[in-house]
Amino acid sequence: MSENKKVTTTKTQNRIRVRLQSYDYKILDRTAQEIVEAAINSGAQVAGPIPLPTKIEKFTVVRGPHIDKRSQETFERRTHRRIIDILSPTAQTLNILSNLALPAGVGIEIKA
């Protein structure tokens, strides 16, 4: 008896996922646009920037330490996030991403 062996070939697709986060959305959008332009100029395909939900953290503190305990003040911190997928990156794309000058206040996380 001959066994039927099913051979499946899976196409491994190279992808780099760039995750950006910042407290200022204007700087974040400008940085995302620079990364997209640099990746396109290097010959890679780009999907994004995709906006993720804004993370809002609220803090409530007492205004005065002694007598006015009922008087409180609320602060909030908004963290804006974007994802950029770089499909089929080249070696030049990796060099450009590693040497890219980012403004202060933008966090970047690159996953291959």
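The model is predicted. The chain holds two helices and four strands. Read from the N terminus, the elements follow the pattern β-α-β-β-α-β.

**Sheet layout**
- The four strands form an open sheet in the order β2-β3-β1-β4.
- Pairing in this sheet is antiparallel.
- The edges are β2, residues 45-62, and β4, residues 106-111. Each of these edge strands pairs on one side only.
- From one strand to the next, the twist averages 15°.
- In general, strands of a sheet pair through backbone hydrogen bonds, in either a parallel or an antiparallel way.

**Strand pairs**
- β2 and β3 run antiparallel and are joined by 14 bridges. Ile-50 has Ile-83 in β3 as its bridge partner.
- β1 and β3 also run antiparallel, with eight bridges between them. Here Ser-22 stands opposite His-80 of β3.
- β1, residues 15-22, is linked to β4 by six bridges, and these two strands run antiparallel. Leu-20 faces Ile-108 of β4 across this pairing.

**Helix on the sheet**
- Helix α1 spans residues 25-41 and packs on the sheet.
- Helix α1 touches β1, β2, β3 and β4.
- The direction of α1 makes about 5° with that of β3, which covers residues 72-87.

**Nonpolar core**
- Nonpolar side chains tend to be buried together in soluble globular proteins.
- The largest nonpolar core in this model has 13 residues.
- The members that touch the most other members are Ile-16, Val-18, Leu-20, Ile-35, Ile-84, Ile-86 and Leu-97.
- β1, α1 and β3 are the elements that give two or more residues to this core. Helix α1 gives the most, with five.
- Which residues does Ile-35 touch, not counting those up to four places away in sequence? They are Val-18, Leu-20, Ile-84, Leu-97, Leu-100 and Ile-108.

**Whole chain**
- The chain has 112 residues, and 22% of them are buried.
- Among contacts with a separation of 6 or more, 74% are between residues 24 or more positions apart.
- The accessible surface is about 8700 Å². Carbon and sulfur atoms account for 49% of that surface.

Methods. Residues numbered from 1 in each chain as written. Predicted model: local features only at pLDDT ≥ 70, side-chain atom pairs only at ≥ 80, totals over all residues. Heavy atoms only, no water. Pairing = 2+ DSSP bridges. Axes fitted to C-alpha atoms, helices over the stretch in contact; angles between N-to-C directions. Contact = heavy atoms within 4.5 Å. Core = buried A, V, L, I, M, F, W, Y, C linked by side-chain atoms within 4.5 Å. Buried < 20%, exposed > 50% of the residue type's maximum accessible area, 1.4 Å probe, protein only. Areas by Shrake-Rupley, 256 points an atom, 1.4 Å probe, with all protein chains shown as cover.
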